[in-house]
Amino acid sequence: MIEFELNGAAQSLDVEPSTPLLWVIRENLRMTGTKFGCGEGLCGACTLHIEGAPVRSCVLPVGAVAGKKITTIEGLASGVGRAVQRAWVEGNVPQCGYCQSGQIMSACALLAGNSAPSDADIDAAMSGVICRCGTYPRIRKAIHRAAAIRAQGDNGGAAA
Amino acid sequence: MSLNRRQFLRSSAVLGGGLVIGFELVGCGEKQLAASLTDSFQPSSFLEITPDGKIILQLYRAEMGQGVYTGITTLVAEELEVDPAGITIVPAPSHPDFSTPIQITGGSASIKDSFEPLRQVGATAKAILLAAAAQEWNVPVDALIAENGKVRDLASQRETNYAALVATAKTLPVPQHAPLKTPAQFKLIGKYDRRLDAQQKVDGSSVYGIDIHRDGMVYAVLVRCPHFGGTLKNFDAGASKQIAGVSAIFAFGDSAVAIVANGYWPARQAALALKPEWDKGPLAGLDSAGIRRALAAQLDENAGKNVTDAGDAPSGDAQTVAADYYAPYQAHAAMEPLNCVAEVRAERVDIWTGNQSPDVFRSAVADALQRSAESVFVHTPMLGGGFGRRIYPDYAIEAALIAQKIGKPVKLMWSREDDIRHDLYRPASMSRFRAQLQGGKLVGWENKIVGASVMQDAIPLMAKTLLPWLPQRPLKMLGGFFGRRDSTSTEGAATLLYAAPRLKVDYAYFDAGVPVGSWRSVGNSLNGFFVESFIDEVAHALQQDPLAFRLAQLKPENTRARAVLELVAIKSNWGKLAAGHFHGIAVHEAFNTVVAEVAEISIENAQIKVHKVTCAVDCGRAVNPDIVAMQIESGVVFALSAALTGEITIADGAVVQSNFHDFEPIRMHNAPALDVHIVPSDAAPSGVGEPGVPPLAAALGNAIFAATGTRLRELPFRLGAAV
């Protein structure tokens, strides 16, 4: 049995430890907000947080997360998370939206550790997540906007 | 009114891949789509208002990022006088009332085709609701106004919401032509910018095909022969069977092995452990170099078909400029790899999959399962990208056949490797130009294009959907006939924005055997690159500024092209650059929309760095201006990957690339800043899903020439690859 905490809830699963965490979350737990894009850790669509750090779950065996705290897009409840989601909606960031869970989880991890990221910081943190719809400039702008929302002490609530 | 099927044949635009709306799309056929509740008010198949006031819109186009979920809803909400955010949007099933004449999302046509008909849907419903209130209150209908989901009596200020009027509205006749608003009355069109699907796409709740789950569902993957046209000789499943969770392994068709398991991971592991033996088939030994040589030979030896032959060759001496251009195969590579859930039962078949053409999918699956199309139901979720790939039903046929065989619901999943290696690619193409110049002007232009035809395979599919009684052989002949005349191969080249007294364009059809299909903007993506690069060569041969030359050479009637060129020049600060920065410009008309782009680059450490792309677009009236901007931005980045970072090459009749390590798209760090400007227009909307793509590669190549003096004539651009 592999035990871990997912979005604040304890999980105990009888799964092969070598199964990538992505498939346990999507198929065993039926939480489909975290996406499959490449299976090789190249595209970032599968990004979630383990103890707050961004991780590509398609190449992480579930055995490695025993005892850890995992957060997926569905469980994003922090001030940073709400600010990011609000900035994304206000900035009309998503197009097809398929990569956006990975983009948002990556952006949240960036902002949690760096409250005023530079464009170079954004490049470094975000270049692992591919968007075929080309939303990169809007993502960049939304990250700066989310940082500003946080700096104003304003965490979320309804989009303007 | 259902369209008489014979009328479809008169519309050559259908068979040429275009969309025609030559009839009223009021959605009131004999078998109108059933309302979800029988006591709903349903003035047409598109719209239903329930007794408790829920407004349900059947979305008859696929949302794949391009914004129809918001755009089409905006059109209905405008005339119905409701908040778009209050409408419940459901994906429409395949139904004749939604066919124009095929229910397909593509050709940048959704808003163009919907602008009047979907406004009519809203206006018709509003007219009936007003009539219902007039009847209930016994007042003339002119005394009433509809606003914010309510009807109000202007004199007494008495008001009621739409829900309360449903019972009466149901009894009233549907007017033939309810009046539409004038543009001066628009509250939403041209102003409403809030994407209605944004929230679900930021909180993980948006459901894509790959997210669908059915009780009792199993997972399937296919191990496909990597060599196009090759077949399966044998396979050793010894190691695959050992994988826990695998329930079935069997040959599928003549070139694949199916593996069924209780999850994607075990199925995928079993696929990797399988030892198949392939007969490489007719394309064994074929590689990109060989395809290139064959294309070049076609340019020399194949006269092809003449597409345009206008004017006379210039008399007297003329300077000649000549060049050959080449572009390789390109993959769609949407972020959601292809997938399909299929459930096959005796009485009905259900397919859940991201698709751009539910009736093509429905008839293709029905055909494959040898049952009636009426017994097949296609459910269209959000698409994680389409770009033209999801027009083709191959993955749905695969899922349906596996589900039929094993008697359980099946989720067929393609790996990223499957998705890249079994695409229908933008055709590798060559384009030969010869221009004559006299007196500082272009006086003659000859262009021969060589490549495969994307209509060759698409025609049989489309025709089968429209004419299901037509047997295979005529369908293949139809495909061949259209393949040789494929207007999508010459779109953007057969006519020019520029005046050239002599214009000759020919198309030589050549099929290397690699599967090809519609790739965002289709022939425009190739011809935009070829034509706008060569026109730049002409400008430089005449020692004229590329912008000034284009403006001087435009046909006088191309005022929209003139306007976007002038606007993009202003907004990009054309000619005013920081040291080491260079501009390139291009303009192209596709799907009735004109886009001009300026790329600003520098060369750093022998690398091409794209700082910014400025765009100007004339798409007629912009229904949701920010969504228009998003689509142009999207087309630019999509085209930039194909211009700079990724290509598909062939070795031994198989695709070389497999995942994002060797098929690299643009990422955050090399994405340019984007700046889009919309030309104000009162003309009917003309679509923006694709038009951002065609000018980009040329704008970039022209900037590279400005920076280096080297003309790059093939994609992707590589410095040091002087041609």
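**Close-up views of chains A and B**

**View 1. A salt bridge joins the two chains.** The side chains of A:Arg26 and B:Asp211 meet in a salt bridge, N to O at 2.7 Å. A salt bridge here is a side-chain nitrogen of Lys or Arg within 4 Å of a carboxyl oxygen of Asp or Glu. Between chain B and chain A, 4 salt bridges are counted. This is a predicted model: local features need pLDDT of at least 70, side-chain atom pairs count only at pLDDT 80 or more, and totals for chains, interfaces and linings use all residues. Residues are numbered from 1 along each chain as its sequence is written, chains are lettered from A and ligands numbered from 1 in the order in which they are written, and side-chain values use heavy atoms, leaving out hydrogens and water.

**View 2. Chain B meets chain A.** Contact (heavy atoms within 4.5 Å) involves 58 residues of chain B and 46 residues of chain A. The buried area is about 4,300 Å²; this is the accessible area (1.4 Å probe) that two parts lose on being put together, summed over both. Carbon and sulfur atoms give 58% of that area. In chain B, B:Val202, B:Met335 and B:Met668 lose the most area to chain A, together 20% of what that side buries.

View 3. B:Ser415 is buried, with a relative accessible area of 1%; buried means under 20% (1.4 Å probe, protein chains only). B:Ser415 touches A:Phe36, B:Tyr264, B:Arg268 and B:Pro337, not counting residues up to four places away in sequence. The side chain of B:Ser415 also reaches the backbone nitrogen of B:Asp418 at 2.9 Å.

Terms used: Buried means under 20% relative accessible area, exposed over 50%, partly exposed in between (1.4 Å probe, protein chains only). A polar contact is a pair of N or O atoms within 3.5 Å; within protein, one must be able to donate a hydrogen and the other to accept it, and residues adjacent in sequence count only if both atoms are side-chain atoms.
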